[in-house]
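Please look over the model below before reading on.

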Amino acid sequence: MSKIMTRNPTYVTADSLAIEALQKMVQGKFRHLPVVENGEVMAMLDIAKCLYDAIARLEKAAEQGSAIAAAVEGVERQLGGNFTGLAMQILSLNSLSLTPEVVP
């Protein structure tokens, strides 16, 4: 068995990100990757399943993006004017921290 086994196999843990597992499989040029916890194999990931899941997530994100764009266009038509510019300003403000500054 030691002649054919993979020494020091690559693996991920249950809390690893899916993209990390996919990157390891692509870089290592293998199709299966064990999920290890406390020194024991808990599951086996398959690259085809990971790719299918990644594609499904991308499709869902694209659909959501299209729905948001359609909603913004609808609001622009109802309100008239440049709502997109206002929406972008709101989004940029939303990303700012709203906590007060500490004054010494």
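1. Of the contacts in the chain with a separation of 6 or more, 18% are between residues 24 or more positions apart. Contact here means heavy atoms within 4.5 Å. This is a predicted model, in which local features need pLDDT of at least 70 and side-chain atom pairs count only at pLDDT 80 or more, while totals for chains, interfaces and linings use all residues. Residues are numbered from 1 along each chain as its sequence is written, and side-chain values use heavy atoms, with hydrogens and water left out.

2. The chain has three helices and two strands, in the order α-β-β-α-α from the N terminus. Helices (H or I, at least four residues) and strands (E, at least two) are DSSP runs, numbered from the N terminus.

3. How confident is the predictor? The chain averages a pLDDT of 79, and 75% of the residues score at least 70; pLDDT is the predictor's confidence in each residue, from 0 to 100.

4. Of the 104 residues, 12% count as buried. Buried means under 20% relative accessible area, exposed over 50%, and partly exposed in between (1.4 Å probe, protein chains only). The accessible surface of the chain comes to about 9000 Å², and carbon and sulfur atoms hold 61% of that. These areas come from the Shrake-Rupley method with a 1.4 Å probe; for residues, only the protein chains shown count as cover.

5. The largest pocket holds about 170 Å³ of space. Helices α1 (18-28) and α2 (47-79) are the elements that give two or more residues to its lining. Among the lining residues are Leu 17, Ile 19, Leu 22, Leu 45, Asp 53 and Arg 57. A pocket is an open set of points on a 1 Å grid over the protein atoms alone, where a 1.4 Å probe fits, with protein on both sides within 12 Å along at least five of seven lines; lining residues have an atom within 4 Å of a point. Its volume is the space filled by probe spheres set on the points, which are joined across faces, edges and corners.

6. Asp 46 lies in strand β2 (residues 40-46). Asp 46 counts as partly exposed because its relative accessible area is 27%. Leaving aside neighbours within four places in sequence, Asp 46 is in contact with Met 25, Arg 31 and His 32. Its C-alpha atom is separated by 9.1 Å from that of Leu 22, 24 residues apart along the chain.

7. Thr 10 belongs to the segment before α1 and is partly exposed, at 37% relative accessibility. Not counting residues up to four places away in sequence, Thr 10 touches Lys 24, Phe 30, Leu 33 and Pro 34. Thr 10 and Met 25, 15 residues apart in sequence, are 8.8 Å apart in space, C-alpha to C-alpha.

8. Which backbone angles deserve a look? Asn 8 has a positive phi of about 50 degrees although it is not a glycine; it is found in the segment before α1 and is exposed, with a relative accessible area of 75%. Asn 38, in the loop between β1 and β2, has a positive phi of about 50 degrees and is not a glycine either. Asn 38 is exposed, with a relative accessible area of 78%.
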